Amino acid sequence: MHWLPFIPTFILAYLISQHANDLNPLLGGSDLRVFLLLLIPLIQTFGGLMGITMHEYKGWQVAFFQNPLDSDVALKDCNNEWLREVAYKLLFLLQGAGLLAFSLAVFGFNAITIPFAVLSGLIAFIGPQNPKATFPFNGQPVFPLAVSILVVFIVNAVVNLIAYFVLLGDPLASAGLPRALAALAPLLLMLGGMIEGVIAESSFNQWWHFTAVVVFLNLGMIAQIALFPVLWRSILI
């Protein structure tokens, strides 16, 4: 089920490539911005490979995480806490890169977006790895992610949400649809990620993994497939 989001991802990327000429004038006549829009779903979905790697390592075992060097650890009964930290770091770096790429595709390259992109990258890549944003949930520590990376991610997520409204707002209104639908895809993806990272990783219940990935993450991608056509249709109105 963790591989399922790749299907709508490739469909969305294909649709964007097919309508690149229609999207070009909407994105300032820039082929680079169109290219970024095409790359975004691929970057974010392939970022999920970090989590898949972690699950493959433990044989999809649903169990608590522990430091493998602890003297009282029975490896057959637990998962690798160190590996989870690495997986989270790389996952959020790639997810953040996807958010940033979307914002650049929508807002373009200017005196505000370029410094913002550079600063985001510098903080995420060379910022301090401690302290972590870890907190207890269901009696288990979750979110072993550096606070510096989390702050960059949250800021970019807010900018990304605004970018969705800037990109889709007017085309949705022209199609007689509510502008609020522009928030549908990012909110579904965000909710899926929160369920996966907080509830599923602390309850050790595969149904929560199912809910996060199969339901919300896939619905987020499907929402984009359903809503993005208003962009190239708006050219014809």
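These legends walk through several close-up views of a predicted model.

**View 1**
Let us start with N80, a residue of strand β2 (residues 79-80). Is N80 buried or exposed? With a relative accessibility of 14%, N80 is buried, because buried means under 20%. Its side chain makes a polar contact of 3.2 Å with the side chain of Y57. The side chain of N80 also reaches the backbone nitrogen of W82, at 2.9 Å. Leaving out residues up to four places away in sequence, N80 touches Y57, F65, Q66 and P68. While you are looking at F65, find R84 as well: the charged end of R84 sits over the ring of F65, 3.9 Å from the ring centre.

**View 1. Aromatic rings around Phe10.**
A search of the whole structure turns up 11 aromatic pairs. One of them joins F6 and F10, a tilted pair with 6.3 Å between the centres and 45° between the planes. Why are F6 and F10 about one helical turn apart? Both belong to helix α1 (residues 6-18), and they are four residues apart there, so about one turn separates them. F6 is buried at 9% relative accessible area, whereas F10 is partly exposed at 45%. F10 also pairs with F46: the ring centres are 6.3 Å apart and the planes meet at 70°, so this pair is edge-to-face. This second pair links distant parts of the chain, with F10 in helix α1 and F46 in helix α3 (residues 31-47), 36 residues apart. F46 is partly exposed, at 35% relative accessibility.

Which residues form one aromatic cluster? They are Y88, F92, F135, F143 and F153. Please take a second look at F143, which is found in the loop between β4 and α7 (147-174). Most residues other than glycine have a negative phi. The phi of F143, however, is positive, near 65°. At 14% relative accessibility, F143 is buried.

**View 2. The buried side of helix α4.**
Helix α4 (residues 49-57) has four names to look for, as its buried residues are G51, I52, M54 and H55. They lie on the same side of α4, because they cover an arc of only 160° around the axis. What covers these buried residues? The cover includes α1, α3, β1 (65-66), α5, α8 (184-203) and α9. Just after α4 comes G59, with a positive phi of about 65°.

**View 3. Asn218 in helix α9.**
Here the focus is N218, part of helix α9 (residues 206-227). Its relative accessibility is 9%, so N218 counts as buried. Not counting residues up to four places away in sequence, N218 touches L4, P5, P8 and V213.

Side chains of opposite charge can pair when their charged atoms come close. How many salt bridges does the structure hold? There is one. In it, the side chains of D170 and R179 meet at 2.9 Å, N to O. D170 is partly exposed at 47% relative accessible area, and R179 is partly exposed at 41%.

**View 4. Glu85 and its contacts.**
E85 belongs to helix α5 (residues 81-107). With a relative accessibility of 27%, E85 is partly exposed. Setting aside its neighbours within four places in sequence, E85 is in contact with K132 and P144. How far apart are E85 and A146 in space? Their C-alpha atoms are 9.0 Å apart, although 61 residues separate E85 and A146 in sequence.

**View 5. Backbone details in two loops.**
Most peptide bonds are trans. N130 and P131, in contrast, are joined by a cis peptide bond, with omega at about 5°. P131 sits in the loop between α6 (113-126) and β3 (135-137). Move on to the loop between β3 and β4 (140-142) and you will find N138. The phi of N138 is near 55°, a positive value in a residue other than glycine.

Technical notes: Residues are numbered from 1 along each chain as its sequence is written. This is a predicted model: local features need pLDDT of at least 70, side-chain atom pairs count only at pLDDT 80 or more; totals for chains, interfaces and linings use all residues. Side-chain values use heavy atoms; hydrogens and water are left out. Buried means under 20% relative accessible area, exposed over 50%, partly exposed in between (1.4 Å probe, protein chains only). A polar contact is a pair of N or O atoms within 3.5 Å; within protein, one must be able to donate a hydrogen and the other to accept it, and residues adjacent in sequence count only if both atoms are side-chain atoms. Contact means heavy atoms within 4.5 Å. Rings of Phe, Tyr and Trp (its six-membered ring) pair if their centres lie within 6.5 Å; planes under 30 degrees apart count as stacked, over 60 as edge-to-face and the rest as tilted. A charge sits over a ring if NZ of Lys or CZ of Arg is within 6 Å of the ring centre and within 35 degrees of the ring normal. A salt bridge is a side-chain nitrogen of Lys or Arg within 4 Å of a carboxyl oxygen of Asp or Glu. The arc is that of the directions from the helix axis to the C-beta atoms.
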